[in-house]
Each structure stands twice: as structure tokens, then as C-alpha cells.
Amino acid sequence: LIYFKYANFFVDNLNQLTGSAWTMAMVILPLGISFFTFTQIAFLVDTYQGKVKEFNFVHYALFVTYFPHLIAGPVLHHKQMMPQFRHHDTYGISLENFNIGLTIFIIGLAKKVLLADQFALYANPVFNAVALGGEPKLVEAWIGALAYALQLYFDFSGYSDMAIGLSRMFNVKLPLNFDSPYKAPNIIEFWRRWHMTLSTFLRDYLYVPLGGSRKGVPRRYANLMLTMLLGGLWHGAGWTFVLWGGLHGAYLVINHGWRKLTGSDGSATGWRAMAGIGLTFVVVVVAWVPFRAPDLDAALRMWAGMVGAMTKSGWLMVPPKKDGPRLRGRKRKVQQSDAQFGQR
């Protein structure tokens, strides 16, 4: 995983730090490497700890190479999958499972095509122009950021639904990966609802082995930050992903600190719950900016636009050059960005 996904990233940063000019052949990323590597790491760790009960090699090979989840998840665990491969019914034909799976697949496809791709028509022009040096104003910056937040959710949730549906058509049940994350009243709850299988993996194989909350409050907060920084780097070899992970780590530290200070358990009703949902959604949208931006400079220009700190030329974007992209807040068909979750 380090070689295929991060070798060029490390070499590029080393060159910048030392002024050297080391080069290496561009490494072609194998399809689904993050997912099939994580599944095997979990199997090795659990085997070392004596937790593995399934040792059939054919079932293991099927578990590692199981194709429906390899593009965008969910992250699978051997105890969820390998026992299913022992059952004779898994290898038959079930019209009930086929119909259920097809329905879920169609719902996921609709999320992707009818919703995610349409929100991309608003998000991509803003981020593409910012990448070229454009300076977004307040309205445009928020339109782009909000559109991307919705694009990403329906894109990733749609892919997960398609994986779950496709797998169900083969009589295999995959775990749920999303649970209305934008309805979360706080950031702790958000990470219990967003990409749930990844959150579970990071908790069980990073946060808990680092000590979790067992070694005092400062160590707990350090463990949270380190876990989220590594979780950000897992999504892609770039400092923008590290920044995204660091922001969420800071959010979690603040949320846990607030709970400790107030003695709250995180539950709320009425206007408090609505305020929590609104605040959580806003900070999540702010953090999505570096996740989508091609570099840190572009992310900073987007953030500056979101707080109204750019040029005084009105509410719309100043194009980077005379023939650069000029946005007027209307729907515009653009080439679909390849900066999708888990594929960068």
C-alpha cells in the first residue's frame, strides 16, 4: 500500500524539502488496493490475536477479491463475509434476494445518476475555476461547497448501495455503510453514520490499539488526531487529504472536550438538536473543501470566498484570466470530475 499509493507522494515531498531531483517511474495504482489491503490487514491482526475462526483458503480468497465492494466500499471484515461462504444456499439462486438486490442497486444507481451527477454540474465549475486561480465570491463559493457536499454524499452512498444490491443478488449480505450522516447532531455522531465500515476499521485497528481513551484525556485526544490524520491520508496521497483528516480530528477533540466540560452525553431535542444538526453540517461542508480542491492554495481561495474575504468585485467570481471560466451561478454542463471519494 505504501509503495503503490504513496511512493510518488513521498518522493515529491522529499524533493521539495531537500531541493533534490529524485525521480521514479510513475506507479499505476491497482484497482481497489485500499479496500483489499485493509481486509487483509484486519485478517492478519485478528489471526495474531487469536480471533479468527475461519481458515478455509478458498473462502479467504473469495473474501479478499469479492468484486462488488472494491471500487468504493464498504470495507469488509472477514467475520462478516467468510461465514456466509460456508452456506450451501449462498451458491444457489434466490428470486427474493435477486429482487431485493436489484431494487437496492437501482436506488443506488438513481442516487449516482439523477442526484450526484446533477449536483456536480454546480460544484465542478466552481472548483475547476478556483484550481485555475479564480477567486470565488461568497455566494459562488458556498454554492460550490454545498453542491459538492451533496454530490459526494449521493455519489458515495449510491456506490455503496449498488455494491450492497449487487452482492445481495448473489445471496451475500454486505454491511450498511451510511445512516443519514447529514442529520447527525454532532461530529461524533456524524462519524457513526458516515462511511460506517471505515469508521469501525479505524476505531478497531488504529484508535483502540493506540490506547483509545484508556490512557488519560491528553492521550485520547492525541489518538483521535492521529487516527483521523491517517484516515485522511488513506483517502489519497496529498496534503489536502491530510488537512481534511486533521480538521475532523480537531472537530472530534472539540466535541469530546465539550461533552467532558458540560457533562453532556450528546443527546438533544427541539431547537438544540436542530442547531446541532445545522452546525455539524456547516463544519462538515467546510472540511469538504480541501477534500475536493486540487491543492492547498485552491482550498484557501475557496475558504476565503466562503467568508467573503476575496476581491471587492461583487458577488461573482473573478476569472483567473480573460478567457478563463466565468460563472454566473447557472447550471452548466461540464466534464465529470474524477475527484470522487476513494478514487483520487
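Here is a short chat about aromatic rings in this predicted model.

The model is predicted, with local features needing pLDDT of at least 70, side-chain atom pairs counting only at pLDDT 80 or more, and totals for chains, interfaces and linings using all residues. Numbering runs from 1 along each chain as its sequence is written, and side-chain values use heavy atoms, with hydrogens and water left out.

Reader: How many aromatic pairs does the structure hold?
Author: Rings of Phe, Tyr and Trp (its six-membered ring) pair if their centres lie within 6.5 Å. Going by that, the count of aromatic pairs is 33.

Reader: What kind of pair do Tyr 182 and Phe 281 make?
Author: Planes under 30 degrees apart count as stacked, over 60 as edge-to-face and the rest as tilted. The centres here are 5.1 Å apart and the planes sit at 80°, so the label is edge-to-face.

Reader: Is Phe 281 buried, exposed or partly exposed?
Author: Buried means under 20% relative accessible area, exposed over 50%, and partly exposed in between (1.4 Å probe, protein chains only). Tyr 182 is at 15%, so that one is buried. Phe 281 comes in at 22%, so call it partly exposed.

Reader: What is the relative accessible area of Trp 288?
Author: Trp 288 forms an edge-to-face pair with Phe 291, 5.2 Å centre to centre with 75° between the planes. Phe 291 is buried at 0% relative accessibility. Trp 288 is buried too, and its value is 1%.

Reader: Which ring does the charged end of Lys 5 sit over?
Author: This takes NZ of Lys or CZ of Arg within 6 Å of the ring centre and within 35 degrees of the ring normal. For Lys 5, the charged end is 5.2 Å from the centre of the ring of Trp 234.
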